[in-house]
Amino acid sequence: MSETGAMTIRTQRLRLRMPEIDDFAAYAQLMASPRSVGMGGPFDLRAAWGMFCHEVALWQLFGHGALTIELGETGECVGQVGINHGPLFPEKELGWFVYEEYEGKGYATEAASALRDWAFATLKLPSLVSYIAPGNAASVAVAERLGARLDLTAARSDPKDLVYRHLPF
């Protein structure tokens with residue numbers, strides 16, 4: 001993070017930046033949709049707001065949190081990537097989502113790879129996990145492209161979740 005508290009990571013195609021209030025409308029729409037089932041949704045507006053604020057507050061509380069994924073050329077918001085923790089997560093979790101119209105373009109993998117590498121270099125973590133709902137083949141594919149492996153013994157809040165473990169290279 002910079003002295004002003006702004007966190008930015010750039011990749012070949014993307015800019016990962018701190019969430020802004022203008023990101024909330026698309027976030028709330030996703031959280032209200034059936035696509036959020038794997039995250040415990042759908043959620044009403046109040047719950048989505050609480051989750052959004054939680055992801056922003058993690059930066060102050062733990063030194064990591066959510067970043068908005070933007071296309072580097074246009075600044076268009078395409079999703080979010082984050083490192084989650086707190087009482088709802090047994091371990092630090094690398095999570096991601098892209099909005100439906102941006103799926104299949106490699107943005108989730110590119111963003112998650114960049115944040116994972118930042119986390120291992122900066123936070124010196126021994127590992128990260130990704131909690132993935134059974135049947136979420138797209139997220140399983142992202143985890144596997146990132147080099148994560150299924151960990152059948154990892155703690156999980158939802159006993160049905162698949163847990164993929166990321167290790168530093």
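## Terms and model

Buried means under 20% relative accessible area, exposed over 50%, and partly exposed in between, with a 1.4 Å probe and protein chains only. By that rule Lys 124, at 63% relative accessibility, counts as exposed.

This is a predicted model, in which local features need pLDDT of at least 70, side-chain atom pairs count only at pLDDT 80 or more, and totals for chains, interfaces and linings use all residues. Residues are numbered from 1 along each chain as its sequence is written, and side-chain values use heavy atoms, with hydrogens and water left out.

## Backbone details

Lys 124 has a positive phi of about 55°, although it is not a glycine. Lys 124 sits in the loop between α3 (107-123) and β6 (128-132). Helices (H or I, at least four residues) and strands (E, at least two) are DSSP runs, numbered from the N terminus.

A cis peptide bond joins Gly 41 and Pro 42, with omega about 5°. Pro 42 belongs to the loop between α1 (24-32) and α2 (45-62).

## Helix α2

Helix α2 has 18 residues. From first C-alpha to last it reaches 25 Å, close to the 26 Å expected at 1.5 Å a residue. The expected span is 1.5 Å times one less than the number of residues. α2 has a kink of about 30°, centred on Val 56. The bend at a residue is the angle between axes fitted to the seven residues ending there and the seven starting there.

The buried residues of α2 are Ala 48, Phe 52, Glu 55, Leu 58 and Trp 59. They pack against α1, β3 (66-71), β4 and α3. Contact means heavy atoms within 4.5 Å.

## Tyr 27

Tyr 27 is in helix α1. Tyr 27 is buried, with a relative accessible area of 1%. Leaving aside neighbours within four places in sequence, Tyr 27 is in contact with Ala 48, Met 51, Phe 52, Glu 55, Gln 80, Phe 97 and Tyr 99. The C-alpha atoms of Tyr 27 and Gly 79 are separated by 8.1 Å, at 52 residues apart along the chain.

## The cavity

On a 1 Å grid over the protein atoms alone, a cavity is a set of points where a 1.4 Å probe fits but cannot get out; a pocket is an open set with protein on both sides within 12 Å along at least five of seven lines; lining residues have an atom within 4 Å of a point. Grid points are joined across faces, edges and corners, and a volume is the space filled by probe spheres set on the points.

The structure holds one cavity of 30 Å³ or more. The largest cavity has about 40 Å³ of space. Its lining includes Tyr 27, Phe 52, Gly 79 and Gln 80. Strand β4 (residues 77-84) gives the most, with three residues.

## The pockets

The largest pocket has a volume of about 1,300 Å³. It is lined by 50 residues, of which Gly 38, Met 39, Glu 93, Trp 96 and Tyr 131 lie nearest its centre. β5 gives the most to this lining, with six residues. By class, the lining divides into 26 nonpolar, 14 polar and ten charged residues. Ala, Val, Leu, Ile, Met, Phe, Trp, Tyr, Cys and Pro count as nonpolar, Asp, Glu, Lys and Arg as charged, and the others, Gly among them, as polar.

The second largest pocket holds about 210 Å³ of space. α1 gives the most to its lining, with three residues. Here the classes are five nonpolar, two polar and five charged.
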